[in-house]
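Thanks for coming, everyone. I would like to walk through one model this morning, strand by strand, and then turn to its core and its charged pairs.

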Amino acid sequence: MPSSPTPSERERSDAEAKVREKEEQAKLPYKWTQTIQDLDIVVPVAGNLRGKDIEVVITKTKLKVAIKGQTPFIDGELTHGVKVDESAWTLETVGGGGKEISIHLDKSNKMEWWDAVVTNAEYKIDTSKIVPENSKLGDLDGETRGMVEKMMYDQRQKEMGKPTSEEQGKADMLKKFQAQHPEMDFSNAKMS
């Protein structure tokens, strides 16, 4: 039975994988970055191109980026769905006389990382190694924020040896029931 790698072996393996991943991503005709909520792609192009020379097609499940009449830089099924109405592209002038096509994709599912822009991408990244940026509670939607605040409250309560919100709710329910039924003996009642 093979043994688990030591921490130093795992560290070395992770470092090698990171270097390989960086080299693979550098071979792509575009650069891309992502947050948990969106994805941005930059495609360097010649400085003499204009918007009418560029073909960018964004659908919920597909992306095509090309100079009209040429082989596309990207053409395939997106790894995950996007919100088309919240996605956009621009052609921008950059230093050195060049231009770049900047594409912003708004993820449909804001709770998952993408391992590639399109499913037919030659190289994929290891999403298990992504370290997300710190986010603020205000960035979350109402339902998620409420759930996170409840978890944080419960964690603080546990650390102080106090009941969680669920345990407190059960205790309050028992007190209310006791008040409504004073004739009953609750001395041996246990909450589980």
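This is a predicted model: local features need pLDDT of at least 70, side-chain atom pairs count only at pLDDT 80 or more; totals for chains, interfaces and linings use all residues.

Gln34 stands opposite Leu39 in β2, and strands here, like helices, are DSSP runs numbered from the N terminus, a strand being E with at least two residues and a helix being H or I with at least four. Residues are numbered from 1 along each chain as its sequence is written, and side-chain values use heavy atoms, with hydrogens and water left out.

Back to that pair of strands: β1 and β2 are joined in the antiparallel sense over four bridges, where two strands are said to pair if DSSP finds at least two bridges between them. They belong to an open sheet of four strands in the order β1-β2-β7-β6, with antiparallel pairing. β1 (31-34) and β6 are the edge strands, each pairing on one side only. On average, neighbouring strands of this sheet are turned by 15 degrees against each other, direction ignored; the axes behind that value are lines fitted to C-alpha atoms, for helices over the stretch in contact, and angles run from 0 to 180 degrees between N-to-C directions.

At the other end of the strand order, β6 (residues 82-93) and β7 run antiparallel and are joined by eight bridges, and one of the facing pairs is Thr90 with Ser102 in β7. The hairpin of β6 and β7 has five residues between the strands, and Gly96 takes a positive phi near 80 degrees there.

Let me stay with Leu39, which sits in strand β2. Is Leu39 buried or exposed? Leu39 is buried, with a relative accessible area of 0%, and the cut-offs are under 20% for buried, over 50% for exposed and in between for partly exposed, using a 1.4 Å probe and protein chains only. Leaving aside neighbours within four places in sequence, Leu39 is in contact, meaning heavy atoms within 4.5 Å, with Trp32, Thr33, Gln34, Ile103, His104, Leu105, Trp114 and Val117.

Leu105 leads us to the core. A nonpolar core is a set of buried Ala, Val, Leu, Ile, Met, Phe, Trp, Tyr and Cys residues joined through side-chain atoms within 4.5 Å. The largest one here has 27 residues, of which Tyr30, Trp32, Ile41, Leu63, Leu105 and Val117 touch the most other members. β2 (38-45), β3 (54-58), β4 (62-67) and β7 (99-107) each supply at least two residues of this core, and β2 gives the most, with four. As a general remark, nonpolar side chains in soluble globular proteins tend to be buried together.

Now for the other sheet, which is open and has three strands in the order β3-β4-β5, with antiparallel pairing. β3 and β5 (74-77) stand at the edges with a single partner strand each, so one side of each has no neighbour in the sheet. Neighbouring strands are turned by 5 degrees against each other on average here, direction ignored. β3 and β4 form a hairpin with three residues between them, and they pair over five bridges; in β4, Lys64 stands opposite Val57, and Ala66 is the bridge partner of Glu55. The covered face of β3 holds Ile54, Val56 and Ile58, and the uncovered one Glu55 and Val57.

That brings me to the charged pairs. How many salt bridges does the structure hold? There are six, a salt bridge being a side-chain nitrogen of Lys or Arg within 4 Å of a carboxyl oxygen of Asp or Glu. One of them joins Lys64 to Glu55, with the closest N and O atoms 3.6 Å apart; Lys64 is partly exposed at 25% relative accessibility, and Glu55 is partly exposed at 27%. Another pairs Asp154 with Lys150 at 3.1 Å, N to O, and both lie in helix α2 (residues 142-159), four residues apart, about one turn of the helix. Asp154 counts as buried at 12% relative accessibility, whereas Lys150 counts as partly exposed at 41%.
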